[in-house]
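Here is my note on this structure, in numbered points. Please keep the model open while reading.

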Amino acid sequence: MAVVAVHGVADQATGATVHALAALLTARPPGQVRYRDGTCDCLLLQVPVLEGCVPAACDPGERPSPMTALRQSLRSDFQRTGWMDASAQGDGQDRAKALHYQATIRSAHAAKGATSQAPGDPLKGEPDLGIAFTDYLLFKAQRGRAGTDAVESQRIRMTREDPQARTSQQVDLHEMYWADLSRLSSALPSILTELFTILFRLSKLARDTIDQARHAADAAGAPAGIRRGWARLSWLQTALDWSFAHLLSQLFLQALLLGTFIVVMSVLNDDPRGETAERVRTLLAVGLPALGFWWLIYRHVRSMPGRGLLLLAAGGAAFVLKLFAAAWVLGLLVLAALALLCDAGLTLADRRFVATRLIGRVFLAASLVTIAAVMLGFPPWQDLWIWWTAAALRAFELMLMGTYVWWIAAAALLVPWTWYGVRQAGLGDAARASVATARLGLFVSVTSFTAVGMVIWAAGHQVLERAAGKWGYRPWLFDLQFEVATDTWGFQHRAADLVRALPAESFLTLRYVYSTATFFLVAMLLLALVAYVLVSLLPSVLAELQRGVGTAGNLGRWLTGGYERLEDFIALLAIASALATTYIGGVYLLDLLRLVPPFTAADLKQAITGTGFASQSLLAPFVIGSVSALGALTLFGRTLSKYAPWLRAPLDAMLDVDNYLREFPRNAIPRARIFARYVALLEHLKRDGASRVVIVSHSQGTVITADLLRYLTYRAMRDPASRAGQLGQWLQDIEVHLFTAGSPLRQLYAARFPDLYHWVRTGPSLDELGIDRWTNTFAAGDYVGRWIWEPASPSAEQQPGFYSAGAAVLDVPPRKDLCVGAGAHTHYFDADSALVAKCIDELIRP
């Protein structure tokens, strides 16, 4: 008898879940049952790659061509249905299998309305999108050279005694541990990296959801008008997502790089006696030749005469740099260092977002070329430091203008995007859910990024302005003025374009004021969503902290009402966002149109006065809060993770969901690695002779378990000779019981990804998972997951006893949906959870 414990949010310590489960069964066994003699040991399991249905040769490791990278950045290969083409190039049986599977995957979307008792069999033309996506991830992981791993698994051996039934049974509790594959580090750089990753990934998940809905409509043969609507909405969603992730973000990155360059150059020149620049020059004069000398003798030069010549050359280079290095040399070195740092960041981002480095290098080259063109095209100022600053400001203007153009284009796209979203959402529950996911993902991504960008500018604008200095700067693209002259006959005409020189710091101050004047709208929209979520979840958060929140019925019905109105609220936010973006784009357009009469500074000021002051007043607390949070994470990150894990719980939960759906990096796809580890543990149980398996899972662990069991059942039907097929067949031959707690299958995954998890929306059957019994428990205020199957009637939730402890939403053996009373998401396995212990024991007992 084996029990497999699968934990939830990936902030668990190894062994914590299985020990909590053993302690619960020992402390709160039902009736006269006793669990005793628990001994703990550890298994070391070999974890080979789990192969999918489609054979995949290892990728030779070459970088994809630029066109391939751009194509993948626009749309996931999974949506193109040709992702297994590389495997179809072989000969014989593998090629035939790949081609046949490719043909059946193309019709996967048409099967989403099927409600068969088992996963669709491609041999019968009934594939399943969720299973196909798992196959796709396994295929990509195998091509990405994912290697064999090793993992430790905690095991607790106990004896279950039932005096009434006069039975004694050995029960082995195993832990399926996956937190290390999806855990958020407590280090600040890792937290910031994952935060920005999730920020952009939300938009991509929204794009993929609309793509799935579009393909589903095409494959199902929907009317032409509906298919055109999905196609246009998909195009608009892709355009907004791609331009946001690959254009707006790159413009911001280059502006940040250029601002940093100006500040560093100012620091080098800030000392009136020039001591700072002199120290840097000395360091570079000694360090660069020494570093070059060491690298050449380490990699290439072996002979002593050659090394001697290199040493002389290094000494000569040091002498030249020391004597003749001027401000232009230091500027080149600083610019090169920042460019290399930027490229390293782009390389890191490229592992998560394909084509990021390719596009980022184009923007980086544009910045460098602009600086070079300005410095070569105009004679140097008397001060070489000002020459560098002026060139950087020219490039900064270019990036800022690009940001303005993006907002103007986004305003033009968001209006039809909102219209088609409203139109397609009326096609049914699944369409409404897909559109809501698209709206939510794009809204949260763009508004959060905009808020972060403006807060960064607000935090550093004074430093940047002080670094730019008070010398007279003639703006290139902004702040142009026009002179109107009167000729001899009294006619007025524009005699000349005059560019007013103003202090460089004043130019940056004006740009800061104009660019952040619309922050008020962005902040209000984002705060509206945050406020809605807080109001909806506040009773559940208090229940999580085990504070009194009234009756379980009030707690449950309040949470249900919040979720039921969420999609309507998101629709309102989408309309408000379109209007706000139109206003932002209009403000920026007015700013740009000052290049053409009759628009003047007064017109622009009048357009932005309404929100300008509010934006400046709002930015101050945002900056203070952000800097304080970063400081706390830097100084006390590990302590906060240990003693206040609830502070990072939302980010942990988002990271788990996002990781589970990621297809990058290819050599470490999280779902493929988690499934491989899970399969290795089940294979160990098979070798160990287990005749009965009870899987106890919580939160995200329930989704992992359900998807894997469905996939193994499918493989047993389609390819019984494969490793996965043999394991699936073994699971069908023995007894397998499933216990889930706080499962997000319906409340999150089916609600936000309706095409991938249509099998949940229609009511999951046990045959689909290849299990014999399924007991699901939930707390009234569980904000992650509650019931799996729909209540018997829409009005059932309004009954007084619906959320009482032990109340069954569904009790039709072998399926059970059970409420455990008031509570939230993280206390199911506490030592006093007697009802949970009783439900688990019901699945364990003979």
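1. Start with helix H23. Leu745, Arg746, Gln747, Tyr749, Ala750, Ala751 and Arg752 are buried in H23. Buried means under 20% relative accessible area, exposed means over 50%, and partly exposed lies in between (1.4 Å probe, protein chains only). H23 covers residues 745–752, and seven of its eight residues are buried, so the helix is largely enclosed by the rest of the structure.

2. A word on the source. This is a predicted model, in which local features need pLDDT of at least 70 and side-chain atom pairs count only at pLDDT 80 or more, while totals for chains, interfaces and linings use all residues. Residues are numbered from 1 along each chain as its sequence is written, and side-chain values use heavy atoms, with hydrogens and water left out.

3. Now the whole protein. It has 26 helices and 13 strands. Helices (H or I, at least four residues) and strands (E, at least two) are DSSP runs, numbered from the N terminus. Of the 846 residues, 53% are buried. Contact means heavy atoms within 4.5 Å. Among contacts with a separation of 6 or more, 80% join residues 24 or more positions apart.

4. Two residues show such contacts. Thr134 sits in helix H5 (residues 129–143). Thr134 counts as buried because its relative accessibility is 2%. Leaving aside residues up to four places away in sequence, Thr134 touches Arg671, Phe675 and Tyr711. Arg557 belongs to helix H16 (residues 552–564). Arg557 is partly exposed, at 27% relative accessibility. Arg557 and Gly781 are 224 residues apart in sequence, yet 8.6 Å apart in space, C-alpha to C-alpha.

5. Next, salt bridges. The count is 30, taking a side-chain nitrogen of Lys or Arg within 4 Å of a carboxyl oxygen of Asp or Glu. Asp841 and Arg160 form one at 2.8 Å, N to O. That pair links helix H26 (residues 834–844), which holds Asp841, to strand E3, which holds Arg160, 681 residues apart. Asp841 is buried at 2%. Arg160 is buried at 1%.

6. Two further pairs deserve a look. Arg157 and Asp172 meet in a salt bridge at 3.6 Å, N to O. Arg157 is in strand E3 (residues 149–162) and Asp172 in strand E4 (residues 167–176), 15 residues apart. Arg157 is partly exposed at 31%, whereas Asp172 is buried at 6%. Glu683 bridges to Arg723, with the closest N and O atoms 2.8 Å apart. This pair connects helix H20 (residues 670–687) with helix H22 (residues 723–733).

7. There is also a network. Salt bridges link Glu194, Arg201, Arg352, Asp658 and Arg662.

8. How many disulfides are there? The count is zero, a disulfide being a pair of cysteine sulfur atoms within 2.5 Å. The sulfur of Cys40 is 7.7 Å from the closest cysteine sulfur, in Cys42, so the two are too far for a bond.

9. Finally, the surface. The protein exposes about 36,800 Å², and carbon and sulfur atoms supply 63% of it. Areas come from the Shrake-Rupley method with a 1.4 Å probe. Leu291, Trp294, Trp295, Leu296 and Tyr298 make a nonpolar surface patch of about 540 Å². Such a patch takes residues with over 30% relative accessible area and no salt bridge, with like charges joined within 9 Å and nonpolar side chains (Val, Leu, Ile, Met, Phe, Trp, Tyr) within 5 Å. Leu291 lies in helix H8 (residues 275–299) and is exposed at 53%.
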